[in-house]
Amino acid sequence: MTLKGKHALVTGGSRGIGRGIALKLAESGARVGIHYYVNEAAAKETLERVRKHGADGFLVQGDVSRVDDVKRMFARARQEFGSLDIFVANARPELAKFYAKPMEISLEAWDHALDSQAKAFLVGVREAVGLMGQGGRVVAVTYAPGAQKGTWQPWIAMGSAKAALESLVRYFAVTLAPRGITVNSVSPGLTDDSVLNGLPDPVVETARTWHASGWTPMGRMGTPSDIGNVVALLCSPDAGWITGQLIHADGGASLVDTLMPLEIQRG
Ligand SMILES: NC(=O)c1ccc[n+]([C@@H]2O[C@H](COP(=O)([O-])OP(=O)(O)OC[C@H]3O[C@@H](n4cnc5c(N)ncnc54)[C@H](OP(=O)(O)O)[C@@H]3O)[C@@H](O)[C@H]2O)c1
């Protein structure tokens, strides 16, 4: 698979899953705009690693919850690349900005979550397609369990924001189909070397053990490069007939039935 000659912009490309995506796109030959929020050093490291793959790119700062910042990112992409083939909406604010239970969440935190995902995507896709020719690729990184379930109580704002994001993906897929631009979402399972690793070590270890115990059939958590591989597949020329879909990139975790003990399910 080659993305040689393609131009990509990855939001939240400074670290975690976004870095995994930026590196895979670069490895496949694309030039990559790496967006970050505050962590310029991490973004620089991603760009250095992009260059080690023989690709190139640029860094751009911005708060995706601010419309002007989102527009500025694409103005920069126009300036650097002249055109865009791939837009990956991956950035997500820190937990402190939105993590609160339904009866406690402030309206400011609610707005921040929705603005950073739904409004940022609405504005971002409109800006991106202005730079795209025939056959562009748009990928949104979601968290489908948060969007579709309700037990993780402090996730209410981000879960609702991801649900709106997933819906926008379907609407834009139809809008942009005549131009051959595909729009899909990828839902990672719990991913190592990401926001998760900011939690205390015993929590991370418990998460690893949980996945190894069978709740992820492949027996482990994902990695940023697992997700990068899936995004790069969707961005390949051969994926041009897949649009409006939500792809679970989770080692089979979404197939497991939570209503029955694993021992019974395994037979
Ligand atoms: N980690 C998981 O297990 C998991 C599972 C399913 C889905 N996801 C999804 O995958 C995506 C990436 O998650 P991650 O765990 O890799 O995240 P992460 O490691 O916490 O990285 C977050 C990224 O978003 C940027 N960012 C933070 N606040 C921002 C803001 N206000 N405006 C613009 N950018 C901002 C950060 O930039 P700085 O580096 O400059 O701070 C960083 O690049 C998210 O959409 C998340 O919902 C993650």
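1. A residue is called buried if 20 or more other C-beta atoms lie within 10 Å of its own, exposed if 12 or fewer do, and partly exposed in between, with C-beta atoms placed from the backbone. Phe 58 has 18 C-beta neighbours inside 10 Å and therefore counts as partly exposed.

2. This is a predicted model, in which local features need pLDDT of at least 70 and side-chain atom pairs count only at pLDDT 80 or more, while totals for chains, interfaces and linings use all residues. Residues are numbered from 1 along each chain as its sequence is written.

3. Phe 58 belongs to strand β3 (residues 57-61); strands (E, at least two residues) and helices (H or I, at least four) are DSSP runs numbered from the N terminus. Leaving aside residues up to four places away in sequence, Phe 58 touches Gly 33 and Glu 80; contact requires C-beta atoms, placed from the backbone, within 7 Å. Phe 58 and Glu 80 are 22 residues apart along the chain, and their C-alpha atoms are separated by 7.6 Å.

4. Around the ligand there are 29 residues, of which Gly 12, Gly 16, Asn 39, Ser 194 and Val 195 come nearest; a residue is near a molecule if its C-beta atom, placed from the backbone, lies within 6 Å of it. Helix α1 (residues 16-27) gives the most to this shell, with three residues.

5. The shell around the ligand divides into 14 nonpolar, eleven polar and four charged residues. Ala, Val, Leu, Ile, Met, Phe, Trp, Tyr, Cys and Pro count as nonpolar, Asp, Glu, Lys and Arg as charged, and the others, Gly among them, as polar.

Definitions and conventions: Two residues are in contact if their C-beta atoms, placed from the backbone, lie within 7 Å.
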